[in-house]
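Colleague: Please take a close look at one part of this model, its nonpolar core, and describe how the helices contribute to it.

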Amino acid sequence: MSPEDKKILDRINAYAEEALADIDPQKTRISFQLEALKPVMEEIAKEIGSSVEDIFIRYMDLASEAAVEADKKLQATLDDEEGADFSSIANRLN
């Protein structure tokens, strides 16, 4: 992930934390959540000369990439604990 991509992802995620703070993402339609993020995506699109749609696609790609990296880190942590039992690993993750 490039530094510019990281800035975009961090900016949208920070905005999402505020804009979506009072909702339950499991019970709220994705379309509503994306509509709430539209202002920051429009702002970024204007700043870099892109379309909102392109920013949306880029954000979804970056969020997926970040999730994969987080999973890799978790797997590495679990691999480091090869000899540990499930309880000790679970306690470490809390």
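Modeller: The model is a predicted one. Its chain has four helices and zero strands, in the order α-α-α-α from the N terminus. Of the 94 residues, 19% are buried.

The largest nonpolar core contains 14 residues, and those with the most contacts inside it are Ile12, Leu37, Met41, Ile44, Ile55 and Tyr59. At least two core residues come from each of helix H1 (3-19), helix H2 (30-48) and helix H3 (52-80). H2 gives the largest share, six residues. In soluble globular proteins, nonpolar side chains tend to be buried together.

Leaving out residues up to four places away in sequence, Ile12 touches Leu37, Val40, Met41, Ile44, Ile55 and Tyr59.

Ile12 is also one of the buried residues of H1, together with Asp5, Ile8, Leu9 and Ala16. Viewed down the helix axis, the buried residues of H1 lie within an arc of 95°, so they line one face of the helix. An α-helix has 3.6 residues a turn, so residues three or four places apart point the same way. On the face of H1 turned away from the buried side are the exposed residues Pro3, Lys7, Glu17 and Glu18. H1 itself has 17 residues and spans 24 Å from first C-alpha to last, close to the 24 Å expected at 1.5 Å a residue.

For the chain as a whole, 49% of the contacts with a separation of 6 or more are between residues 24 or more positions apart. The chain exposes about 7,000 Å², with 52% of that supplied by carbon and sulfur atoms.

Key: Residues are numbered from 1 along each chain as its sequence is written. This is a predicted model: local features need pLDDT of at least 70, side-chain atom pairs count only at pLDDT 80 or more; totals for chains, interfaces and linings use all residues. Side-chain values use heavy atoms; hydrogens and water are left out. A nonpolar core is a set of buried Ala, Val, Leu, Ile, Met, Phe, Trp, Tyr and Cys residues joined through side-chain atoms within 4.5 Å. Buried means under 20% relative accessible area, exposed over 50%, partly exposed in between (1.4 Å probe, protein chains only). Contact means heavy atoms within 4.5 Å. Accessible areas come from the Shrake-Rupley method with a 1.4 Å probe; for residues, only the protein chains shown count as cover. The expected span of a helix is 1.5 Å times one less than its number of residues. The arc is that of the directions from the helix axis to the C-beta atoms.
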